[in-house]
Amino acid sequence: MVDCSDITNATAVSYYGGDKCSFATAYCGDDSLLNYERMIYCSDAETKPFAVSALIVFLGYLIMLLASTADNFFVIELQTLSTMLRLSDDVAGVTLLALGNGAPDVFTAVVGLGQDDFQLALSDLMGGGIFINTVVLGSVILCTTPSNLEVDRVPFLRDLGMYLLCTCSIFFFCLDGVVTMPEALGFIVVYLAYIVIVLVSSRSKDDEFDGQPKLDTSLIGAIDGSSDPVLDALMDGRESYGSYSNNTPRSSLRQYSTQSHANSHHSKLLAADDDHILGYNDVPNVEEDGRLALLCWYVEFPLSLLRHLSIPSADPFWCRKRRMFSALSPILGFQLVILAVWGTDGFGSVKVAWLGGFDIWLVALLAGLALSVVLWFCSDDESHPPFFKFSVIFAFCMSVVWLDLIANEVVAVLEAFGALANISTSILGLTVLAWGNSVGDLVADTATARAGQVKTAIASCFGSPLLSALVGLGIALTVSTSSSGPLTTSIDTQNSVAISTLLFTLFSSGATFARYGYKPPRAFAYYLYGVYGIFMMSSILLEVFLKK
């Protein structure tokens, strides 16, 4: 099956007379908003360097958007949900944070197997797991103060052991060359069992909340207006917000979330004391902040406005602006969901059959408008609305959608550079695709660690790739085996090296954490960087050897 990755294949391109521009136009750009390969290969010799340079600058812009989306939106919603649901740090890491970070890898696995490319799907999951457990984990360690760098033994060993079991299971299931539907369903069942174990074991940590009112986690309570002490503290911005005891990490995250919002670009978009609804008086001062800050402000402003228009407020503050932006969020939010699921095809090609064949974007637009009217008239300017819990959940989902959309473009740009550098599909999955899908993990986990929730960040380093492997492969293999019968699989040399490296890394982490009383030294981060560097060099050399 010919796809965009074959643009370096002379035989495939020969059907277009050797014209890579025509090939890129026909086969590339389906998985991204823009056709980056076409930008490169349809440029002549004089303009091609400028096209490549523009893509490099655009890649930096995308990475900046990823960072600001994670810092100023995702982390705040994560903290609010954790407080509302009374999740401990490790539980939040392997559930909410892992869900947000692992979504791109799950989608990649489903798409990869949908295109009958098991090696690509497997290499992406293994490469992503190695990247997260070396580069991301090392970065979390380095951006955390030594006094705060500690994890609980039991949750750490539970998550590490489960990921080890998962990696070994994938290897042995694929070793016989055939994956059946029961085996595919087994991946999903194992993950659900793991989540149940995590939730049950977390109940033993309720002493963290002793002496404080119990939170009714039922969303029904938010509708009927029942009092919620924790949510009241959250809404009012009191010191007890998120801190059931004065020493819990959530208090530091609340401080970080508030400070992050106050110091972020375009923070006055929602400032309660600002009469300028679009925050134009938030423009940086050139003398104080420099020209670069001013340039970044103008460059990021359109996307900041769009994010505020699609992600409702989830912090402790409330005002007329937050009410307005929250009410408007379903209109743009529903359109972004369509864009994330169907791409540009969702705006013209996808119909809703049971509604008479109307375009899905039009149905979503009308539904968003109707919901916005209801949200506006069911709220006021003085206090959070009774449906605030639903609003926080929607804000969390929209943050994930934004991260997924931006990360998807990062992947597409990296793939274009990979094609330009003539990197094969197998090494592309272990490197470029794994990097792109793991950028969100790097940004979100380090932001969470800087916010003070180190346990959440480290738990996510195991929970996110675990979800990607079990759920991603589970869903993809289940769909494939249900439609086409048992799937013939094999593990090539590159993936064998990747699995071995991942197992070695996990054993190294377990031994090091246990050796130092679950307070890993900062030097361990550099060791992890070294492991990843050796893995990358080995993969590249192996690729060169295999080509010969």
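Visitor: In which helix is T431 found?

Guide: T431 is found in helix α17; helices here are DSSP runs (H or I, at least four residues), numbered from the N terminus. A word on the model: it is predicted, so local features need pLDDT of at least 70 and side-chain atom pairs count only at pLDDT 80 or more, while totals for chains, interfaces and linings use all residues. Residues are numbered from 1 along each chain as its sequence is written, and side-chain values use heavy atoms, with hydrogens and water left out.

Visitor: Why is T431 called buried?

Guide: Buried means under 20% relative accessible area, exposed over 50%, and partly exposed in between, with a 1.4 Å probe and protein chains only. T431 has 4% relative accessibility, so it counts as buried. In sequence T431 and G128 are 303 residues apart, yet their C-alpha atoms are 8.1 Å apart in space.

Visitor: And what makes S139 count as buried?

Guide: Its relative accessible area is 15%, so S139 is buried. S139 sits in helix α6 (residues 118-142). Not counting residues up to four places away in sequence, S139 touches L442, T446 and Y529, where contact means heavy atoms within 4.5 Å.

Visitor: How do you know that the buried residues of α2 line one face of the helix?

Guide: In α2 (residues 20-27), C21, F23 and A24 are buried. Seen down the helix axis, the buried residues of α2 fall within an arc of 160°, so they line one face; the arc is that of the directions from the axis to the C-beta atoms.

Visitor: Which residues touch the most other members of the largest nonpolar core?

Guide: They are M126, F156, I170, Y191, I458 and L466, out of 59 residues. Such a core is a set of buried Ala, Val, Leu, Ile, Met, Phe, Trp, Tyr and Cys residues joined through side-chain atoms within 4.5 Å. Helix α18 gives the most to this core, with 12 residues. Leaving aside neighbours within four places in sequence, L466 is in contact with M162, Y163, C166, Y191, Y194 and V471.

Technical notes:
Helix = DSSP H or I, 4+ residues; strand = E, 2+ residues; numbered from the N terminus.
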